[in-house]
Amino acid sequence: MKIFKHSDADFEATLKSVINRANLDLETHDIVVREILGQVKERGDVALLEYTHRFDQYDLPLEQIKVARSEIDEAFTKVDNKEIDALKRAAKNIREFHDYQSQESWEYEKNGVFLGQSVRPLEIAGIYVPGGKASYPSSVLMNAIPAKVAGVEKIVMCSPAPKGQCSPHVLVAAEIAGVDSIFKVGGAQAIGAMAYGTNTIPRVDKIVGPGNIYVALAKRMVFGLVDIDMIAGPSEILIVADDSAHADFIAADLLSQAEHDEQAVPILVTSCEKLAQGVMEELNKQVCGLSRQSIIERSLDDQCCLFVVNSLDDAIEIANHIAPEHVELAVTDPHGCAKQIKNAGAIFLGHYTPEALGDYLAGPNHVLPTSGTARFSSPLGVYDFVKRTSIISYSSEALAKAAPSVRVLADMEHLDAHAKAVDVRIRKSS
């Protein structure tokens, strides 16, 4: 962890390394994942049971792959009412925000030409929820609710279940979100099951949700057979701050991002050197005693950068080059600065809007583009669970008017059958 001033010799090199941080080495485990997917495709449920025994160290009877209704009911008895209320409140906010993303079919007619676009939901969506080292009920809500708002007919969820037991918080979240079927399968084998289908787990149209490198690589390999949301890299935050910012607030938010994993990327870009020094002191103070201190310290040592620049405009320019997952604007005029942010998964405005709100409760989706992909991609949303179909209809008169141009374009590409497909109709109608 170090402060890099704009005048430092290593400032540009360090900034460049952050901009080019997309270093997820998916090829390392390529052979292993290809084998897993191949086995699941060929042997279905039998392969799922074998891999569950091999990777999760327990034997799962075939009839217990699917979570029973009784297990969901029991989960509600294990979760505190205040936790259930918090999940319901988050679900309400997420559903309300995503309702605004709903899309309608449209059409128009002009001079005998009828054109339109049909917007329909996917029939079945698959959600992957990690469950090995931690429980992520918020991921269930963020992935399932947009699909429900879109009108997806069936939502299938796969999640590893250590010793055959799913996290009760995950099961409660799935029930609140409207998940239809839950399966106790994790890893690349779960992705294969949802992509190819087995006797127990249905084939889906799209797979969404975070996972480890095996899950990420499996998603990339099955893309094309099914759709996927994205290949997510380590979580990241970039805080743009001026001299109005609070060092303790900023340090707390950098730490909240660093605790995700050792590869998480916490960044501060400020025009105030005094603030950067204060943040450095607060980081060293606040990290002590946190439950994931060792993970946080690794992230801070390897990934954290505190950049001091000449002006707020410089800070915003750097933010746009880095294109981070989360941008916090801890500045005097956050709304004005937000208009200048071109590349970000989500933007948090002002001193009292920590990124943690976005992870859990605010409503916008926390499944966001990482590793600079915010330059060209968007948060998960309702639009990810619908497909659009073009509608085209010409009258005979409209076809006759269009025919000369179609012939010219077909001749240009040496596709005479295209021209004849128009000509045969013109002769018929004349």
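Of the 430 residues in the chain, 48% are buried, where buried means under 20% relative accessible area, exposed means over 50%, and partly exposed lies in between (1.4 Å probe, protein chains only). The model is predicted, so local features need pLDDT of at least 70, side-chain atom pairs count only at pLDDT 80 or more, and totals for chains, interfaces and linings use all residues. Residues are numbered from 1 along each chain as its sequence is written, and side-chain values use heavy atoms, with hydrogens and water left out.

The C-alpha trace of the chain spans about 85 × 60 × 45 Å along its principal axes. Its secondary structure comprises 17 helices and 14 strands; these are DSSP runs, numbered from the N terminus, with helices (H or I) of at least four residues and strands (E) of at least two. Contacts are defined by heavy atoms within 4.5 Å. Among the contacts with a separation of 6 or more, 75% are between residues 24 or more positions apart. The accessible surface of the chain is about 21400 Å², and carbon and sulfur atoms hold 51% of that surface; accessible areas come from the Shrake-Rupley method with a 1.4 Å probe, and for residues only the protein chains shown count as cover.

Side chains of opposite charge can pair when their charged atoms come close. A salt bridge here is a side-chain nitrogen of Lys or Arg within 4 Å of a carboxyl oxygen of Asp or Glu, and the count by this rule is 15. One of them joins K184 and E71, at 2.7 Å from N to O. This pair links distant parts of the chain, 113 residues apart: K184 is in the loop between β6 (181-183) and α8 (187-196), and E71 is in helix α4 (residues 69-78). K184 counts as buried because its relative accessibility is 3%, whereas E71, at 23%, counts as partly exposed.

K206 takes part in a salt bridge with D227 (3.2 Å, N to O). That pair connects strand β7 (residues 206-208), which holds K206, with strand β8 (residues 227-228), which holds D227, 21 residues apart. K206 has 3% relative accessibility and therefore counts as buried, while D227, at 31%, counts as partly exposed. D384 and K206 also meet in a salt bridge (3.4 Å, N to O). D384 lies in the loop between α15 (355-360) and β14 (386-394) and K206 in strand β7, so this pair ties together parts that are 178 residues apart in sequence. Both D384 and K206 are buried. Elsewhere, R69, D73 and E175 are linked in a network of salt bridges.

Helix α17 (residues 416-429) has 14 residues, which at 1.5 Å a residue should span 20 Å, and its end C-alpha atoms are 20 Å apart, in agreement; the expected span is 1.5 Å times one less than the number of residues. Within α17, the residues A419, V422, D423 and I426 are buried. These residues cover an arc of only 100° around the axis, which puts them on the same side of α17. An α-helix has 3.6 residues a turn, so residues three or four places apart point the same way. The face of α17 turned away from the buried side carries the exposed residues A417, K420, R425 and K428. Helix α16 is included in what covers the buried residues of α17.

Notes:
Arc of directions from axis to C-beta.
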